[in-house]
Amino acid sequence: MTKVEEKSFEQRVWSLSDEHRKRSGTKDFRVFQAPGRVNLLGEHTDYSGGFCMPAALNFNTLVAANPRSDTLLRMYSLDFKHAAEFDLKNLQPQGKEEWSSYPAGVAWSLGQRGVKVGGADLTFSGNVPLGAGLSSSASIEVATATALLALADAEMPQPRVALACQKAENDFVGAPCGIMDQFISACGVKDNALAIDTRALTLELAPIPADLRLVVCNSMVQHSVGDGKYGARRKEVEEAAKAVARKLGKDEATYQLRDATLQDLFAAKDDMSHEAFLRGRHVITDSERVHLGVAALRTGDARVFGALMADAHASFRDDFAASCDRCDLLVRLAMSLEGCLGSRLTGGGFGGCTVSLVETAKAETFAKALAHRYREATNVDPAVFVCKIADGAGPVELE
Ligand code: GLA
């Protein structure tokens, strides 16, 4: 079984600092971090203005940063052992998912919002598993934004930081994501999931009790927001929204499924493809599950919350058609193990990780048993993490 922190946080900061000192030739730099996330309820609801319920995890991207006197962004990734250089005077949208496009896109996007971004040396090191649906991209974006804003001595409310990072991913990298991942990475609160209203960009705390743990299991089936399947689902959801808008006499261009009830969707059923209807049904019911989930956590009803997670998985698998055999298997295995209250595929879908809600006292045993059973069934070694819920992005100060 993989441990969350193979190296301690402090060790990671020290290695990063050593490398940064060598590469930049200065001791005068700062370190910032931004976390990855897991989503508990409300999947593919964020680009419909709906609700979702992610939690920031104790996986993060660290960035060491110092200002330069020119307009260059000189970047290095410890994980990819790869350097990249961009000139701020000449930043053009890349349309490709290379690691360096994300931070470059953030510099571009902050510039578009009027921030006076200056040249910088940036060294990155992350432990968010890549291609696992745990938002490694958002964590590198938000870490970069946090660093560049600090170097520019500029203040920006966290939800706006999230919006700037989403713009970087949509328009510079070219991946059609919503706002959830950047928002939770910027605004996460330790020991809490956040119920996020993705249209108002407001949040409500949903405390996860200490006697429960989130156990994340990587199916090792690769996930990517840019591979076309995510975009295809997004188009189907938009088709459903347009049909409902027509039926209700609303503006098709701006109407969002956030405002539709199931009755509205049924009333417009004949005016959309069957697929669009099913996708719409998932979006409306999963957004509603977020409200039910907050109420369950507030009243300490973990069993109800677990049942909502199980319903969410069924809806994602059957209506949204965005699960895969191995993730379905992981969910079934998890639900059969002692101490598990609920389990589901998390994130954009078609692979990546499941998240299970497990009694703390049983979490380590659960994690080992899940890894063992999955390996037995598939011959694939999954990475299983008994997670902690972390705070959102910020500066790193070691004692
Ligand atoms: C990806 C996207 C998010 C969100 C989820 C699905 O993580 O980046 O914006 O749409 O998928 O809920």
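Guide: Helices (H or I, at least four residues) and strands (E, at least two) are DSSP runs, numbered from the N terminus. This is a predicted model, in which local features need pLDDT of at least 70, side-chain atom pairs count only at pLDDT 80 or more, and totals for chains, interfaces and linings use all residues. Residues are numbered from 1 along each chain, and side-chain values use heavy atoms, without hydrogens or water.

Visitor: Which element gives the largest share of the lining of the largest pocket?

Guide: Helix α3 does, with five residues. A pocket is an open set of points on a 1 Å grid where a 1.4 Å probe fits, with protein on both sides within 12 Å along at least five of seven lines; lining residues have an atom within 4 Å of a point.

Visitor: Which elements each supply at least two residues there?

Guide: They are β6 (120-126), α3 (136-151) and α5 (180-187).

Visitor: And the second largest pocket, which residues are closest to its centre?

Guide: Of its 24 lining residues, Asn58, Lys190, Ile389, Ala390 and Asp391 are the closest to the centre. Two or more lining residues come from each of β3 (54-67), β9 and β13 (394-395).

Visitor: New topic: in what order do the four strands of the open sheet stand?

Guide: The order is β10-β11-β9-β12, with antiparallel pairing; two strands pair if DSSP finds at least two bridges between them. Because β10 (340-345) and β12 (383-387) each have a single partner strand, one side of each lacks a neighbour in the sheet.

Visitor: How many bridges join β9 to β12?

Guide: Five bridges join β9 (residues 212-218) to β12. Valine 215 stands opposite valine 386 in β12.
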